[in-house]
Amino acid sequence: MALSWMNPSQTAGKKLPYLFSQCESINCRSVAPLQDTPASKVTYSARIVAKNDFVVKMSANETAVQAVNATHNESLFRCDVRIPSYLMAVVVGDLEYRSLGRRVGVITEPSQMDKVAAELDTLETLLDTAETYLTPYIWGNYTVVVLPPSFPFGGMENPLLTFASPTVIVGDKSQVYVATHEIAHSWTGNDVTCRDWENFWLNEGFTVFSERKVSGILHGKDFAQVEALLGNSTLW
């Protein structure tokens, strides 16, 4: 199943229930009647109704949030760039957004926001550097959502709504390379996508290559080589 439902005790703030999705690789079929293959790419729009206390975000541009009645709001979203179904994403909970630059920001629970924003304060530099090395960024904004601890991956590159595990927030920015990797997916994987899961290595291989190029530009060749050595050692 693509959707994970959490009760308040499983969240950081312990205030509201929490919902997040993980459609990769073939779980979107449990959310929407879409072909679960990366060969099929579509635009989408969505309308989600939730109680007023909840904030709703998706891997799309938010076009409106408006009242349905005294207790519920509807959030409207639209993604005009074609994506495979595994990149459709939603998160609902006690959430807060903070801008970290002209087109980047973070979303997390209010109790976690200060440390998340401090850890990821270089997002704009990472995005600008990746764009300079690659091609113009086509998605408009870039946002990282730091999820509760049960999120099963380090990061997931949903366009406009990258998901990140709280394990990347360690206080010394040593795990920020995860954000560099997910930013690079904006080009390799999200824009140019492998045809089928047998060729998934194309998404990840070119993304790792771009990630290490960006690291080298920002921190020097030696840094990128050490990053590569540490990454490759996990394959031995």
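Biologist: Why is D121 called partly exposed rather than buried or exposed?

Modeller: In this predicted model, D121 has a relative accessible area of 41%, and because partly exposed covers what lies between under 20% for buried and over 50% for exposed, D121 is placed in the partly exposed class.

Biologist: What makes D121 and K173 a salt bridge?

Modeller: The closest N and O atoms of D121 and K173 are 2.7 Å apart, and a salt bridge requires a side-chain nitrogen of Lys or Arg within 4 Å of a carboxyl oxygen of Asp or Glu, so the pair qualifies. This pair links distant parts of the chain, with D121 in the loop between α1 and α2 and K173 in the loop between β12 and α3, 52 residues apart. K173 is itself partly exposed, at a relative accessible area of 37%.

Biologist: Why is R102 called exposed?

Modeller: R102 has a relative accessible area of 58%, and since exposed means over 50%, R102 falls in that class.

Biologist: How do you know that R102 forms a salt bridge with E124?

Modeller: Their closest N and O atoms are 2.8 Å apart, which is within the 4 Å cut-off, so R102 and E124 count as a salt bridge. Here R102 sits in the loop between β8 and β9, whereas E124 belongs to helix α2, 22 residues apart.

Biologist: What makes L218 partly exposed?

Modeller: L218, in helix α4, has 31% relative accessibility, and because this lies between the limits of 20% and 50%, L218 counts as partly exposed.

Definitions and conventions:
Residues are numbered from 1 along each chain as its sequence is written. This is a predicted model: local features need pLDDT of at least 70, side-chain atom pairs count only at pLDDT 80 or more; totals for chains, interfaces and linings use all residues. Side-chain values use heavy atoms; hydrogens and water are left out. Helices (H or I, at least four residues) and strands (E, at least two) are DSSP runs, numbered from the N terminus. Buried means under 20% relative accessible area, exposed over 50%, partly exposed in between (1.4 Å probe, protein chains only).
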